[in-house]
Amino acid sequence: MFTLTKTFAQIVVKPQKPNNIDLHDSKRAYFLQEVIEGLEDGILILTETGELLHANASALRLCCQFNQGNFTHNFVPSAIWHLCETLLNSRSKFSDQLMILSDEFVLDKSNIFRIRVRLLDLDWFDEPCLLVTIENRYESLKNLARTEVKKFEMTPREAEIWFLYRSNYSYKEIAVKLYITLNTVKKHMKNIHTKRQAFATVDD
C-alpha cells in the first residue's frame, strides 16, 4: 500500500527545439533507446487517457512491484495515474509554461519512490503525452552512501552503519538490525562524523 508523503509542482522554462538533431535517424533512435533501457530510474510514456506507449525495463519491474505482481502492459498503478490526472487537471492554469508534478510514495523503509510527471507536447507526436519518471530513493541513497564510504575511508562496520543511517534508520533501529548495542552505534557514528569533518577541514 502506498503512503503519499507530499506533492509539489515545479515550473521550468520550456526547452528550445534543437535544430541540428534528426530524431528520425535510426542510429540515433537506437542509441536513445539503449540509454533509456539502461537507466536505473523507471521511464513511462503515457497518453492522456492512460494508455501505455512505452516503458523501460526498470519501469516494468517497479510497476509490477507497485501492483504486487499484477502488472499488465495497459495498466498503470493508481498512485501514478492519480498524479498524472492532477497534472492534466492543472495544465489550463499554466498553459504557457512547462509544469512538473512530483510525489514521494512509501511502500516500506527500503522502498521509497519519487514519481515525477510532465506533459510532452512535441511536434513528432500526434497528441500530447505524459512522461513519468520513477526514482527509487532508497537505491539513490545507497549509491550516495557508497560514494561517501570510499571518500571518507570508512571501515566495513562503519559502512554498514552509514548505509542504514542514510536510509533513515534511527540509531536504535540500526542497533537492532546489526545485533549491536546502541552505544556501539553511537561510537561508530561519532567516528564517521569525525572523518567527515576532518575531510571538510582539508577541503577548506
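Cysteine 63 is buried, at 1% relative accessibility. Here buried means under 20% relative accessible area, exposed means over 50%, and partly exposed lies in between (1.4 Å probe, protein chains only). Cysteine 84 also counts as buried, at 0% relative accessibility. The model is predicted: local features need pLDDT of at least 70, side-chain atom pairs count only at pLDDT 80 or more, and totals for chains, interfaces and linings use all residues. Residues are numbered from 1 along each chain as its sequence is written, and side-chain values use heavy atoms, with hydrogens and water left out.

The structure holds zero disulfides, a disulfide being a pair of cysteine sulfur atoms within 2.5 Å. For cysteine 63, the closest cysteine sulfur is in cysteine 64. It lies 8.8 Å away, too far for a bond.

The largest nonpolar core has 26 residues. Such a core is a set of buried Ala, Val, Leu, Ile, Met, Phe, Trp, Tyr and Cys residues joined through side-chain atoms within 4.5 Å. Leu44, Leu46, Ile80, Ile115, Leu130, Val132 and Ile134 have the most contacts inside this core. Two or more residues come from each of strands S2 (42–47), S3 (52–55), S4 (98–108), S5 (111–120) and S6 (129–136), and from each of helices H2 (57–66) and H3 (78–90). Helices (H or I, at least four residues) and strands (E, at least two) are DSSP runs, numbered from the N terminus. H3 gives the most to the core, with seven residues.

Isoleucine 80 is in contact with Leu44, Cys63, Phe66, Ile115, Val132 and Ile134, leaving aside its neighbours within four places in sequence. Contact means heavy atoms within 4.5 Å.

Threonine 47 lies in strand S2. This threonine is buried, with a relative accessible area of 8%. Beyond its neighbours within four places in sequence, threonine 47 is in contact with Leu53, Trp81, Glu127 and Leu130.

Helix H4 (residues 137–151) packs with helix H5 (residues 156–166) at an angle of about 145°, and their axes are 9 Å apart. Axes are lines fitted to C-alpha atoms, for helices over the stretch in contact, and angles run from 0 to 180 degrees between N-to-C directions. H4 contributes Leu141, Lys142, Leu144, Ala145, Arg146, Glu148 and Val149 to the contact, and H5 contributes Ala159, Trp162, Phe163 and Arg166.
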